[in-house]
Amino acid sequence: MNTPCMRAAALAVSTLIGANVCAQSNVTIYGVVDAATAYASNQGGKSNTYMRSGSLSASKIGFQGVEDLGGDLKALFLLENGFESDTGAQSSASSLFNRQAYVGLQSTAYGTLTAGRQYTPYYLLVGSLASSNVLTGATGAHPGDIDGLDTTVRISNSVTYSMPAWRGLQASAQYGFGEAADGNAVGSSFSAAVKYSTSPAEFALGYLKLKNGQNGSGWSDKGSASFGISAINQGYASAESIEFIAASARYTMGKWMVGANASNVQYQAGSRSAFRDTAIFNTAGLIASYQWTPQWFLAAGYSDTFASRANGIADRARYRQLSFEQNYALSKRTAIYLIEARQLARGQTLGQDGGIVGAVASVGDAQNGTPSSNGGQTVVMVGLKHSF
């Protein structure tokens, strides 16, 4: 029997079931479009005025989803693509979701487990308190992002576990599989970090180790990790492994925030490296910000990076950088910004071929491919950022 009442009841049940499914899962599309006019005083010997994408925040589009599996368990995923707002091209021609691509399970009681291409706990917990997240990586990251506290380090083929937050404490660990048939874990990576927040202060400590993937003359693309290579560290890109240790702290007082950070990076030589002694870069930094009005945000940072005396270098390289940001919010999602930085370099380092060369300036991580021809570089950028 198929009466009008029965058909109405069936329609009502199906509607309720559909509403329940929709309530238990959701997908969010988000992104940033950021474009700036930039000026660099010296790029290989000449000044340059040009358009640049993602100077304050990287231009990107992402898809994020969560599904309630019942009880205390949820499934989640994130896919994020970077693009160049000035040309429309993908940031990485070979990878659609070059920034992040992972899937995982989340429990309030037991924590979160994710697998795929991800940022490291080292960056997420320690880097979140460092200069690049207060200013911007373009001009605020430590020279060349030498210590990986900006977003240049991403780990493919990785598994990450993050414990549930407990009384202000967060902790996370990650392993990246090199996926090579080798018992020495060629190309693998490991990261772990802890962060403690007790208003108005925050503290974080992290560790990251990257192993080269059967390296020849440089860093192999067969490893699980990518990182920023610039004139500051290109002489050590053939390292067998790299170790990062960093600590960050912040203190917020009303509209003011002040912070400090320090890092130690070691490039360890192997039998096929173009250098013989472990190269060490130490960085100390200070940051401050002021929310002048609801619209105006001001920030400044200073860092001092110095290398060890090794590989025949007596006059070790040193890089000092001063960065500023002025940001005016037109709305919650749109802002006009001005960022400036000046870097001074002196001493000696290793060039790409392993020979000793004079250190040259390379502001933040915006100039990794366009360093100065000498020890000074000034960068100024004015741009517009819209988030959605």
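Analyst: Let's start with size: the largest cavity holds about 50 Å³. A cavity here is a set of points, on a 1 Å grid over the protein atoms alone, where a 1.4 Å probe fits but cannot get out; points are joined across faces, edges and corners, and the volume is the space filled by probe spheres set on them. Keep in mind that this is a predicted model, where local features need pLDDT of at least 70, side-chain atom pairs count only at pLDDT 80 or more, and totals for linings use all residues. Numbering runs from 1 along each chain, and side-chain values use heavy atoms, without hydrogens or water.

Lining residues have an atom within 4 Å of a point, and the largest cavity has 14 of them, with Gly 140, His 142, Gly 301, Tyr 302 and Ser 303 nearest its centre. Strands S14 (279-291), S15 (296-307) and S16 (318-329) each give two or more residues to this lining; strands are DSSP E runs of at least two residues, numbered from the N terminus.

Beyond residues up to four places away in sequence, His 142 touches several others, including Ser 131, Thr 283 and Ser 303, where contact means heavy atoms within 4.5 Å.

Key: 1 Å grid on protein atoms, 1.4 Å probe; cavity = no way out; pocket = protein on both sides within 12 Å on 5 of 7 lines; lining within 4 Å. Helix = DSSP H or I, 4+ residues; strand = E, 2+ residues; numbered from the N terminus.
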